[in-house]
Amino acid sequence: CLEPPSSLPLHSKCHLDNSAPRFFPDAAENNAGFGLAVTALATNYTLGYPFLVARHRHQAFPFLFRDRDESPLTYLRYLGNIRANHGLRALYPGLGIGLLTQVTTTGYEAVLNNVDQRLSPRLRKRGWPVKLVANIIFKGFELALCAPLYPLYRSALILQVQCTTALTQISIHTLHDLLASYKDGLLAIFFRRNLHWTSTLLPACILHFLGEVIVTTAYNYLHHQLVPTKPSKNQPAASIDLPSPPSPTSSTSPITLTPSSATSTSTSTSTALSSKPKQPQPQQQRDATAMLHNFYPDIVCGFASNLVSKLLVLPLETVVVKLALQDSGALRMEDHAVYAGFWDCVRRTYANEGGVIAFYNGLLGGWIGEVIVAWIVLEATWGLYRGAKWGIEWWYDEVY
């Protein structure tokens, strides 16, 4: 055993040489998984954005869709007419500002979370009163970002819904108009004569945080149902036969997320745990750690939780959209759409636009359209996942 490697038998040296390239499939699978995840998210956002624009227009100006049957096909015809008359760019108004808002929010929250993680160990030593005060301060910093971001959100919303009709008009034409809209929106938070900030900024903040809570809760629940539980510390990870992610074309579609898929996953996991531990296999080790084999359930849970959140907050979003567009200039005659406050908007929407159904404008056309887009993207991603997995395994087997 103490002899130098050169004196080992030939088959031993070949065994040592063949064990080295294992790093190649690990890196390839991680890169492929990351690339497919980013591609799926970007594609879903790009293809679903026109349905979001049409849904916001339906929420803001329901009279534009009064003589139309609300369905994804109707929205497709509506978007097709916009593209034919104004070009492809007209399907993505306010896209840049929306992305800027999301990036700013994500970066700001990441900085706050990083500071919170650094200070948490020290705050625990000082007792729960200090920790409580610190949490209140951090929430205050989170809310402080809403004030400068709300006018940006309002400007993006104006760009999305503005159009030229008998009752509507385009109020933002140039960059100067956009900056003026942001300035007016920022000043109007606290100095608007018709609406108090409790009817504009506060509902928008509640909508944002409520959506985050629903997304997080739904994601954790669905991820627990779809992904097998981790093994206990007494069992080696390699003794678990990890199942492949659920196929979108199977009876348990990732959009419907039926409990049967979670039942089959947990059953296979418990069977493997109860069996005798086996020798670790290289393919099982890669499947357990490589991002290529773990990203798909995460994408399914992310898409589904986002759609569930949009569905549940749709009534509140309708009111927030109507209040944000007041005094924006998008309506030619705004006298009939001037609300005294949040509850006045709720009351008049219910009384004048058809009852409870008025708060769900855009559900059958916009939201269902986004569900269909997400399903198509998941189908395509599943095919790319299978192709990437086969290609990496073929290359690894042929070369090494």
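**Entry 1: A60**

I began with the contacts of A60, setting aside neighbours within four places in sequence: A60 touches V161, V321, K322 and L325. The model I am reading is a predicted one. I placed A60 in helix α2, which covers residues 23-60. Is A60 buried or exposed? Its relative accessible area is 13%, so I logged A60 as buried. I then checked A60 against A330. The two are 270 residues apart in sequence, yet their C-alpha atoms lie 9.9 Å apart in space.

**Entry 2: helix α6**

Next I turned to α6, residues 146-161. I counted 16 residues in this helix. From first C-alpha to last, α6 reaches 22 Å, close to the 22 Å expected at 1.5 Å a residue. How many residues of α6 are buried? I found 14 of the 16, so the helix is largely enclosed by the rest of the structure.

**Entry 3: helix α4**

I moved on to α4, residues 95-125. This helix has 31 residues. Where does α4 bend? I located a bend of about 40° at L119. A proline, P121, follows within four residues.

I then listed the buried residues of α4. They are I97, G98, T101, T105, L112, S120 and L123. What covers them? I noted α5 (128-144), α6, α7 (175-191) and α8 (197-226) as included in the cover. After α4 comes G127, and I read its phi as positive, near 100°.

**Entry 4: E142**

I picked out E142 in helix α5. Why does E142 count as buried? Buried means under 20% relative accessible area. E142 comes in at 19%, so it counts as buried. Which residues does E142 touch, not counting those up to four places away in sequence? I recorded Y108, L112 and F209. L112 was already in my notes as one of the buried residues of α4.

**Entry 5: residues 357-378**

Last, I looked up the UniProt record. The entry, which is unreviewed, lists residues 357-378 as "transmembrane region". I checked that span in the model. Its end C-alpha atoms lie 30 Å apart. The span is 73% helix and 0% strand.

Notes
Residues numbered from 1 in each chain as written. Predicted model: local features only at pLDDT ≥ 70, side-chain atom pairs only at ≥ 80, totals over all residues. Heavy atoms only, no water. Helix = DSSP H or I, 4+ residues; strand = E, 2+ residues; numbered from the N terminus. Expected span 1.5 Å × (residues − 1). Buried < 20%, exposed > 50% of the residue type's maximum accessible area, 1.4 Å probe, protein only. UniProt positions renumbered as here; feature names shortened; annotations may be inferred. Bend = angle between axes of the 7 residues up to and from the residue. Contact = heavy atoms within 4.5 Å.
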